[in-house]
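Hi everyone, thanks for making time.

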Amino acid sequence: MELDGRELRNALGRFATGVCLITTVTEEGEPLALTANSFSSVSLDPPLVLWSLQSNSDVFAVYSGAKNFAINVLAGNQQELSSRYARKGDHLLDPEHFTPGEHGGAPIINDALVSFECSLDTVHPGGDHVIIVARVDAMHVRPEGEPLLFYSGAYRALA
Ligand SMILES: Cc1cc2nc3c(=O)[nH]c(=O)nc-3n(C[C@H](O)[C@H](O)[C@H](O)COP(=O)(O)O)c2cc1C
């Protein structure tokens, strides 16, 4: 059966997710953020997580080669950050939005629900994406707050 691309995208969008900012620092020392909802847990022992990165991204080389990065799960009041760092070719992080992480230096987004400081484990081919598997080295958990959700192409909140 030949799948229609738009219908497939719509069908996949029926899986509700949270929203993350994946942050890293370039070799030149520039902090970057990219919005992603492909984050998933993989393993508790060892502690592994994954996300997938579009192969045609302007920042593909930086993110697919980053030894350290952070996965920041956004809170319900951070939709503006999600939209901002999803803009094509516009991933430079505003200094007001983060503090440097202690483990590897990846930017920790202020007031995120949780931030995982990660080091790269493996990169796997995944069609028009690559699947980035990483080890969690440290985490910063905000005990309260509601998540930002993404469902059917729109931002949502918990009822
Ligand atoms: C809610 C949402 C989730 C996204 N999830 C991903 C993702 O998991 N992986 C990814 O590579 N891009 C994802 N994107 C797209 C990127 O945030 C961004 O729009 C895209 O990378 C822009 O192109 P550029 O990387 O060439 O600048 C998502 C965008 C939005 C709005």
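Let's start with T24, which is buried because 26 other C-beta atoms lie within 10 Å; the cut-offs are 20 or more such atoms for buried, 12 or fewer for exposed, and partly exposed in between, with C-beta atoms placed from the backbone. Please keep in mind that this is a predicted model, where local features need pLDDT of at least 70, side-chain atom pairs count only at pLDDT 80 or more, and totals for chains, interfaces and linings use all residues. Residues are numbered from 1 along each chain as its sequence is written.

T24 sits in strand 2, residues 20-25; strands here are DSSP runs of E, at least two residues, numbered from the N terminus. Setting aside residues up to four places away in sequence, T24 touches L32, V62, Y63, A66, N68, F69 and A106, where contact means C-beta atoms, placed from the backbone, within 7 Å.

What about L21? Leaving out neighbours within four places in sequence, L21 is in contact with A33, L34, T35, N72, L74, L81, Y85 and I109. L21 also belongs to the largest nonpolar core, which has 36 residues; such a core is a set of buried Ala, Val, Leu, Ile, Met, Phe, Trp, Tyr and Cys residues joined through C-beta atoms within 7 Å. C20, L21, I22, L34 and L74 touch the most other members.

Finally, the ligand: 18 residues surround it, the closest being T35, A36, S38, S57 and D58, counting C-beta atoms, placed from the backbone, within 6 Å. Strand 5 gives the most to this shell, four residues.

How values were computed: Contact = placed C-beta atoms within 7 Å.
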